[in-house]
Amino acid sequence: MIHLNDVDITKIGLGTWLLGGDVKENPNNDDEKDINAIIYALKSGINHIDTSESYSGGKSEKLIGEAIKNFDRDKLFIATKVREWNLTYDNIISSCCNSLKRLQTDYVDLFYIHKQNKDVNIKSVCEALNYLLAKGLIKNVGLSNVGIETIQKYNKYLTKKIYAVQNQYNLICRESQKKGVIDYCRENNIKFICWRPVLLSYPGVKDPMYNKDTYPILDNIAKKYNVSNIQVVAKWLLQQDNVYIVFKSNNCEHIKEILETNKFCLSDDDWNELNDNFPVKFDVGCSSNEFYEIT
């Protein structure tokens, strides 16, 4: 079945990493809490739910499937990802079909390549993605953790151009900003989506400068607008043209806090103060407390 309607994503999306477990399913997970958080997000105006086949061994997708049962599917935007170890033609297709079963839906709005695999031929990957597009099992293709060159390689072979790029981007990790990925996406009608958007500390880094939850620059700006530091961090991203966020939470109060960033705007001076003078900035991305460069 080919779904012709296209739903645009809300600027704020709900990420589901750690819902249901971490790499593996947590047998003691509070499924009801996770499902209720997803339902709360949807009822509060978020239509974009982001997941992956590898989040809690697929349990995250199952929880989303339960949560969306009573919503109009055509008004939702569901994104999932295939992992780099499954990037063969047959495995991409089977991974997608397995995700659809867990999500209890017959299509996903966005299907990401979660991470690149240097031993895999991109043309072959695109052949599988083109098949999924033609069958209507996926509506759009996305790439995660990539730079401009990789985007261009995929667009050479895809029948439908890349819809979104999802990289880590926040006040601390600026690689996508420095390397022009955000500008490239903006200029080429590709949505740029930030994962780990409200990062404030890196406990795995020994330098105490990287282990703070607050900084004077944030304290002062948050006080000025009578909002939280997290809201300031999120708003710095959301005020950027063509920049979207997915944040993970199963806490309804935290979801509400992020959504309430819609109630204020940073002045140009305050936005620039954060952009230019935030005391900790990495020019490469950061994942699992390790530094890597986008490819």
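This is a selection-by-selection tour of a predicted model.

**Before you start**

Residue numbers run from 1 along each chain as its sequence is written. In this predicted model, local features need pLDDT of at least 70 and side-chain atom pairs count only at pLDDT 80 or more, while totals for chains, interfaces and linings use all residues, and side-chain values use heavy atoms, with hydrogens and water left out.

Colour by pLDDT, the predictor's confidence in each residue, from 0 to 100. The protein chain averages 92, and 90% of the residues score at least 70. Now select residues 288–292. Here pLDDT stays under 50, and the model has 16 contacts beyond four places in sequence (contact: heavy atoms within 4.5 Å). Where pLDDT is low, the predicted coordinates should not be read in detail.

**Stop 1**

Helices (H or I, at least four residues) and strands (E, at least two) are DSSP runs, numbered from the N terminus. Show S3 (residues 77–82) and S4 (residues 110–113). S3 and S4 pair in parallel over four bridges (pairing takes at least two DSSP bridges between two strands). Thr80 has Phe111 in S4 as its bridge partner.

Right-handed means that, with the strands pointing away from the viewer, the path from the first strand over the helix to the second runs clockwise.

Look at the S4 side chains. Leu110 and Tyr112 point one way, Phe111 and Ile113 the other, and all are buried (buried: under 20% relative accessible area; exposed: over 50%; partly exposed: in between; 1.4 Å probe, protein chains only).

Next, select S5 (residues 141–144). Three bridges join S4 to S5, again in parallel. Tyr112 is bridged to Gly142 in S5. The chain gets from S4 to S5 through helix H4 (residues 122–135), in a right-handed crossover.

**Stop 2: strand S6**

Select residues 164–168. Five of the five residues of S6 are buried, so the strand is largely enclosed by the rest of the structure. Ala164, Gln166 and Gln168 point one way; Val165 and Asn167 point the other.

On one pairing, three bridges join S5 to S6 in parallel, with Leu143 opposite Val165. The chain crosses from S5 through H5 to S6, and this crossover is right-handed. On another, five bridges join S6 to S7 (residues 191–195), also parallel. Ile193 in S7 is the bridge partner of Gln166.

**Stop 3: the rings**

Show Phe, Tyr and Trp. The structure holds seven aromatic pairs. Rings (for Trp, the six-membered one) pair if their centres lie within 6.5 Å; planes under 30 degrees apart count as stacked, over 60 as edge-to-face and the rest as tilted.

Zoom to Phe77 and Tyr163. Their centres are 5.6 Å apart and their planes at 25°, so the pair is stacked. Phe77 lies in S3 and Tyr163 in the loop between H5 and S6, 86 residues apart. Phe77 is buried at 1%; Tyr163 is buried at 16%.

Move to Tyr225 and Phe264. This pair is tilted, 5.7 Å centre to centre with 40° between the planes. Tyr225 is in helix H8 (residues 216–225), Phe264 in the loop between H10 and H11.

The charged end of Lys235 sits over the ring of Phe264, 5.8 Å from its centre (NZ of Lys or CZ of Arg within 6 Å of the ring centre and within 35 degrees of the ring normal). Lys11 sits likewise over Tyr244, at 5.3 Å.

Finish with Tyr169, Phe192, Trp236 and Trp271, which ring pairs link into a cluster.
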